[in-house]
Amino acid sequence: MVSIAVNKSRENVAMLGIGAYRPKRLVSNAEVCEVLDSTDEWIYERTGVRNRRWISGEETLRSIAAAAGERAIVNSGVDRSKIGAVILATSSWLTLTPHGAPQVAYDMGMNGVAAFDLTSGCGGFGYGLGVAADMIRSGSAEYVLLIGAETMTVGLDPTDRGTAMIFGDGAGAVVVGPSDENGISPTVWGSDGENAAAIMQDIDFLEYMHRAQSMQGMDPAVDPVGRMSLRMEGPRVFRWAAVTLPRALSTALEISGVAKEDIEVFVPHQANARINELMKKNLGLADEIPMANDIENTGNTSAASIPLAIEEMLVTGKAKGGQTALLLGFGAGLSYAGQVVTLPPAPAEPSF
């Protein structure tokens, strides 16, 4: 029998550095309500959002993804020549072909590395982190750059009360690589296709793609793309989250081998502040454990929200590098993915 070579495996992996990019334009609830039939107070009470970031000028999904990835590499101290793969977790790249990761890798001076997109909605970063960690553990790559990036406002219907007040744009990235101590637990992930239509696109794809490509960087409140709009049944998603996510969090703790009492930071996807408070309460985490609240001034940035939230906590001192954190992403699919991780060092080059 022919002997086929196998990759050299590595057991311990961790997030070695983090980077983020927040679009320059800050959009308040009051500004959103110039178009949307709502009020600042109602939006904040229901979602926890006061402000969000929208791309403007020359900012695009491609440019903000590369900017976040560049900062993650710098902050990690890893030579980019050692990065063997780039994963772009996104649901808002405008074409299926060509996909985004190879172009982002090229922009960062890493043309030729393995590069692929991963689409799993708001759970995309969690899925990407699981894939990146397992690639390194299996020996498929020594270091992986994982980028979560979204321009959710491209194609957003500014008059839709279910979505227009929630979503924003942004990008967050981490360098994942081998470490002395394991810093990423096995991933707990799953999906519920029966309820997938609770978050969906109302789409004429060819027309949307044509129009959206020409509108990157434009103001969605003034120049909505039109026929493609993200629709969400908020109460249905809330009910699903209330039942499914506490079980997912408990399972993540169980398979990580980390006791609930050892969790120092909670970083859920920044979908809705009420959902996050409910999860923390149902899980029984102590009141003094800091929980990410980047949604207040960044909005829901889908696959970018968890790395953006981690970066915000590290920069502001709400969390510290080396602490043990519980992560959970969830959303379209309906799908979810979570891990227990060791937080990377605070970035030397923050996004704000």
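Predicted model: local features only at pLDDT ≥ 70, side-chain atom pairs only at ≥ 80, totals over all residues.

Modeller: Residues are numbered from 1 along each chain as its sequence is written, and side-chain values use heavy atoms, with hydrogens and water left out.

Biologist: What is the strand order in the open sheet of 5 strands?

Modeller: Helices (H or I, at least four residues) and strands (E, at least two) are DSSP runs numbered from the N terminus, and two strands pair if DSSP finds at least two bridges between them. The pairing in this sheet is mixed, and the order is 1-7-6-4-5. At the edges are strand 1 and strand 5 (114-118), each of which pairs on one side only. Axes are lines fitted to C-alpha atoms, for helices over the stretch in contact, and angles run from 0 to 180 degrees between N-to-C directions; with direction ignored, neighbouring strands of the sheet with order 1-7-6-4-5 are turned against each other on average by 20°.

Biologist: Which residue in strand 6 stands opposite Val-86?

Modeller: Strand 4 and strand 6 run parallel and are joined by 6 bridges. In strand 6, the residue opposite Val-86 is Leu-145.

Biologist: How far apart are the end C-alpha atoms of helix 3?

Modeller: The expected span of a helix is 1.5 Å times one less than its number of residues. Helix 3 (residues 61-76) has 16 residues and should therefore span 22 Å, which agrees with the distance between its end C-alpha atoms, 22 Å.

Biologist: At about what angle does helix 3 run to strand 1?

Modeller: Buried means under 20% relative accessible area, exposed over 50% and partly exposed in between, with a 1.4 Å probe and protein chains only, and the buried residues of helix 3 include Leu-61, Ile-64 and Ala-68. Contact means heavy atoms within 4.5 Å, and the buried residues of helix 3 pack against strand 1 (13-21), strand 4 (83-89) and helix 4 (100-107), among others. Helix 3 lies across strand 1, strand 4, strand 6 and strand 7, and its angle to strand 1 is about 135°.

Biologist: What is the strand order in the open sheet of 4 strands?

Modeller: The pairing of this sheet is mixed, and its order is 8-13-12-11. Strand 8 (188-191) and strand 11 (265-268) each have a single partner strand, so one side of each is left without a neighbour in the sheet. Strand 11 pairs with strand 12 (residues 324-331) in the parallel sense over 4 bridges, and the bridge partner of Val-267 in strand 12 is Leu-327.

Biologist: Which residues form the aromatic pair?

Modeller: Rings of Phe, Tyr and Trp (its six-membered ring) pair if their centres lie within 6.5 Å, and planes under 30 degrees apart count as stacked, over 60 as edge-to-face and the rest as tilted. The structure holds 1 aromatic pair, which is tilted, with 5.1 Å centre to centre and 40° between the planes, and is formed by Tyr-127 and Trp-189.

Biologist: Why does the pair tie together parts that are apart in sequence?

Modeller: Tyr-127 counts as buried at 18% relative accessibility, whereas Trp-189 counts as partly exposed at 38%. Because Tyr-127 lies in helix 5 and Trp-189 in strand 8, the pair ties together parts whose separation in sequence is 62 residues.
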